[in-house]
Amino acid sequence: MKLSILCCLTDEEELNKATIEVFEKMAAYGLGKNNKVRIGEEFANAAGEGSMAFAEGSSTDIGDSDLSADDISQEKISMGEKKKHAETEKEKEEKKSETVVSDAQMAEYSVQFVLNTSQVTADKDWYNNVITRIGNPAFTVTIDDTAYTAPAEAYHQMAEKAEGDYCAFIEAGDVISENLAEILTNGITICPGHHVYMIAKTFANATKGAFRNFLKVTDSKKELKAFYVIDLKNKYDCYPFTFAGTILKTDILKQHNVNTSLGLEIERDFFLRLMAEEMKVVYLPGVEYTAYEYEEHDITFYRGLYMQEWYFDSITEFWMPFLTEMKEKYGRIPVFIQYNFMYSIHARFEGNMDNRNKHVIEEGHGEEYLELIGKALGLIEESIMLNRNKIAACITGDTMKWVYGILRNGQDYKFQRFFLAGKIYYGIGDTLFNSVMSLSTNILFINYRDGKLEIDGTVHPILYSMADEIYFKYNNVKYKIEYNGRYGLTKAFGAAICKRHSFHLSIPVAKKNETAISCEAKFGTQIETISLHFPSHFSRVCGAFTNSHWFFGDNREYMMTSERRSMVIRKVSKSQKFVKELKLLKDMFKKDNWTRKYAIFRMLYFICRPFMTRKPIWMYIDKIYKGGDSSEYLYKYASAQNSKDIKHYYLVDKKSTDYKRLKKEGYKPLVRDSLKHRLVFLYADMMVISNSTVYAFNGYKLKNSAFIRDLPHFHVCCVQHGMSIQKIAIAQNRLRDNLRLYFCASKYEIENLSRPVYDYVGYDALKLTGVPRYDGLKDRAKKQIMISPTWRMQAAMPVRTSESEQRDYNPLFKESEYFKVFNALINDKRLIEAAEKYGYRIKYVLHPIVSSQVEDFDKNDFVDIVPAVGDMSYEDMFCESSLMVTDFSGIQFDFAYMRKPLVYLHHKDIPQHYEEGTFHYDTMAFGEICHDNDELIDTLIEYMQNDCQMKPEYVKRADDFFYYRDHNNCERIYKEMIDYQEKYVLPERY
């Protein structure tokens with residue numbers, strides 16, 4: 001057997017050499033085996049004991065196709081003659097090895113590497129000679145220098161130079177097992193007549209390629225076979241749809257054209273058409289392919305996520321006409337193709353859900369895009385849309401299935417009720433999903449005050465759409481749910497796709513030994529108890545352990561647990577509380593070491609509590625890896641008040657330069673991840689934050705907060721990183737961090753946050769005091785221009801562990817319009833010449849989230865590129881700069897507070913990263929708004945010519961926006977916090 005391996009090399013030498021190294025290893029491996037494979041021996045070793053049954057004609061060993069004995073005969077599989085005489089199992093075992101070797105066939109293989117070097121900029125001769133140096137005569141290299149527009153086109157062209165019976169495909173930078181030719185020869189010899197083979201595919205982050213589920217339910221790792229024949233008539237989750245990791249009969253590659261007009265969908269179009277004709281593929285699990293480029297299901301690194309073409313052209317120019325054509329050609333769109341479409345659609349939603357939104361689709365156009373998806377879904381059978389076959393690549397929650405149904409069929413789409421065995425289920429047509437009691441009501445926050453439990457939560461959207469009535473029941477009293485407008489949306493592409501219905505509930509605690517709070521839903525005359533779920537750090541209780549609990553009451557005399565789909569409340573004595581805690585610790589010690597660590601930590605919490613909680617504790621948090629924000633300003637002010645009744649702790653990373661700075665200034669910062677930090681977090685009475693997600697900043701996710709969430713009792717106070725004048729309810733609604741006090745600098749913030757979606761009205765949380773950071777803003781301007789745009793979701797890496805850590809380097813950053821625009825700006829010849837002429841220095845300050853990209857930008861002698869991490873001081877930058885250029889960043893308000901000029905770049909080529917709330921740029925911006933680099937540079941030159949002075953109309957706007965203009969913001973906030981502590985915190989301390 002001869003194999004041709006086709007590879008398109010690129011202009012990135014590092015990627016090319018990685019793949020060439022693979023080829024060298026492959027040639028060396030073949031040389032070591034004399035380029036031969038012993039078919040029987042290799043097959044037995046790969047497959048294990050199960051292969052022997054296959055060798056004797058068993059239909060259960062062929063793979064996922066469930067072939068009968070007749071099918072095996074048709075596949076012409078022969079592993080030797082059957083034994084003429086019966087043998088005992090013991091005799092078979094003794095002779096197994098000898099039988100395999102004697103019956104084995106030797107097969108030779110050779111390999112031709114066909115390398116397209118049309119994009120190589122380095123020495124091309126190096127690639128031509130590299131394989132020959134191995135000294136394996138069965139491995140050769142053929143160079144093809146034909147230009148191409150897409151790799152699929154190149155492969156089709158390279159097929160003309162392919163000498164092999166089969167062609168395998170590898171992309172530059174990818175890695176493939178060195179035994180490829182050996183395993184393929186084995187498979188072709190044992191199972192001839194097939195045209196398409198595929199292999200295991202993984203990515204650098206250890207995720208697996210989609211549609212590579214070759215195993216049956218009955219298979220296990222011990223029973224892994226050398227190959228599997230997949231029949232797409234009855235198995236829909238194993239087939240290729242890209243060239244990489246696929247092997248084709250060379251004649252088949254030549255006979256099927258590629259449609260180069262389809263952009264990102266060229267390869268998918270080629271393979272789905274091919275597989276619709278073939279309907280069979282052979283899977284070779286003994287080979288593995290590691291890909292450099294990610295596929296659609298990756299929500300960060302797949303390139304299409306950042307390209308409009310993937311969102312629009314792929315659907316309108318490929319999917320919709322292709323699905324229509326398949327329906328006309330086959331009478332029914334092949335099921336595996338329909339599932340591939342659902343996988344592709346699901347990838348779009350997953351990559352753009354809520355904060356994952358890449359903003360490729362312009363703000364305000366998300367609804368139109370959802371309508372387009374709805375039209376495409378109309379071409380798919382409903383049962384497949386709902387994933388009736390439970391294909392792994394298409395698995396999604398029932399809520400998303402419901403959303404698909406609405407998009408496909410209209411807003412009146414609802415799941416149906418089914419009554420089975422006295423229970424109510426939901427589904428559609430002949431597809432049944434689950435019991436309605438599983439449509440859980442989320443309990444997001446519970447607090448006890450003045451003899452009442454104050455409960456905030458949400459009702460599941462499917463339950464809300466189906467039930468006639470939903471209510472809570474406690475102590476035989478029915479409590480009607482009071483729905484409110486608090487943010488509960490799930491968004492995709494910036495548009496709402498469903499809503500969990502928010503409510504608040506106030507329940508007087510009955511003075512009984514045991515009571516229970518349950519949620520019930522009424523369907524006609526039947527009532528179902530709905531499960532309660534506790535998906536928030538502030539839920540107090542959880543179902544992680546049988547003995548998880550929360551103590552509350554004026555004297556902590558009540559205990560709440562999650563039991564029987566209810567919140568059970570019991571009156572408990574001190575001894576009963578002690579026993580309950582011991583039972584919980586016992587539960588935790590039965591788990592893994594990670595859980596045991598938290599059990600020990602809980603014990604330490606109780607031991608240290610009498611010594612560490614003698615005084616109220618105020619804890620302050622900024623970015624942790626970066627200080628200098630509002631929390632630090634308030635920390636310093638509060639610490640200077642010399643109050644002996646309060647302990648103050650400012651959290652920072654010990655590795656940060658701000659830690660060293662604070663130590664030098666005489667402060668004792670709290671070190672992140674230290675034991676003291678962990679304890680102070682649980683003991684804190686007031687938590688001062690400038691950024692949302694307080695638990696994440698302290699190293700907690702839902703899994704490990706379940707170990708301690710009954711212990712914290714802090715009251716969260718927001719001192720803000722930016723101004724709250726845009727639509728930011730997803731991050732700043734009251735329950736995001738259970739905010740009790742929210743300090744603002746402008747009446748427009750109060751107006752914005754008073755909207756129902758934020759849910760602050762009635763809680764006396766919003767205070768017009770100014771923000772602490774502004775106390776340090778004193779003009780020391782020199783001839784310096786600061787350019788500092790905000791970050792973009794599509795240009796930054798996602799959070800790796802928590803927002804408290806600096807984000808990683810994004811290898812796709814340089815491909816973003818964001819980079820291209822600002823790199824061009826800071827290197828613009830006119831801007832540099834003007835700065836030199838008028839004596840200005842330009843500081844390009846990267847947002848902290850994209851500071852890891854600092855080396856990507858081109859350097860010049862008049863622009864300093866400054867990452868906003870390390871020892872960089874925002875305060876110094878603001879005070880020393882004469883003018884600021886930004887887009888939508890909240891730091892514009894720091895500059896405007898000093899009445900210094902701003903210019904905005906709302907570039908037409910960069911997706912907007914801002915939804916207007918109560919701040920409207922066209923009438924309230926503090927400077928000119930430019931829409932391209934040339935317009936911006938013209939404006940900057942004008943300002944430099946006039947000594948960078950803020951124009952009167954913009955001064956007037958700043959005067960209207962800010963309520964205060966002094967440097968007493970910390971003083972006002974401190975007073976508010978002291979008053980709040982006296983009223984609410986001290987009476988609840990224990």
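Two strands count as paired if DSSP finds at least two bridges between them. The model is a predicted one. In it, strand 36 (residues 784–787) and strand 37 (residues 841–846) run parallel and are joined by four bridges. Ile-785 has Ile-842 of strand 37 as its bridge partner.

These strands belong to an open sheet of six strands, ordered 38-37-36-39-40-41, with parallel pairing. Strand 38 and strand 41 stand at the edges with a single partner strand each, so one side of each has no neighbour in the sheet. From one strand to the next, the twist averages 20°. Helix 27 packs on the sheet and touches strand 36, strand 37, strand 38 and strand 40. The direction of helix 27 makes about 135° with that of strand 40.

| Element | Residues |
|---|---|
| Strand 38 | 863–867 |
| Strand 41 | 927–930 |
| Strand 40 | 902–905 |
| Helix 27 | 817–826 |

Helix 22 (residues 675–683) has seven of its nine residues buried, so the rest of the structure largely encloses it. The buried residues are His-677, Arg-678, Leu-679, Val-680, Phe-681, Leu-682 and Tyr-683. They pack against several elements, among them helix 19 (593–612), strand 29 (617–621) and helix 23 (694–697).

Helix 19 also takes part in a surface feature: with three residues, helix 19 gives the most to the nonpolar patch. Phe-589, Ile-600, Met-603 and Ile-607 make up this patch of about 370 Å², and Ile-600 lies in helix 19.

Key:
Residues are numbered from 1 along each chain as its sequence is written. This is a predicted model: local features need pLDDT of at least 70, side-chain atom pairs count only at pLDDT 80 or more; totals for chains, interfaces and linings use all residues. Side-chain values use heavy atoms; hydrogens and water are left out. Buried means under 20% relative accessible area, exposed over 50%, partly exposed in between (1.4 Å probe, protein chains only). Helices (H or I, at least four residues) and strands (E, at least two) are DSSP runs, numbered from the N terminus. Contact means heavy atoms within 4.5 Å. Axes are lines fitted to C-alpha atoms, for helices over the stretch in contact, and angles run from 0 to 180 degrees between N-to-C directions. Patches are made of residues with over 30% relative accessible area and no salt bridge: like charges are joined within 9 Å, nonpolar side chains (Val, Leu, Ile, Met, Phe, Trp, Tyr) within 5 Å. Accessible areas come from the Shrake-Rupley method with a 1.4 Å probe; for residues, only the protein chains shown count as cover. A salt bridge is a side-chain nitrogen of Lys or Arg within 4 Å of a carboxyl oxygen of Asp or Glu.
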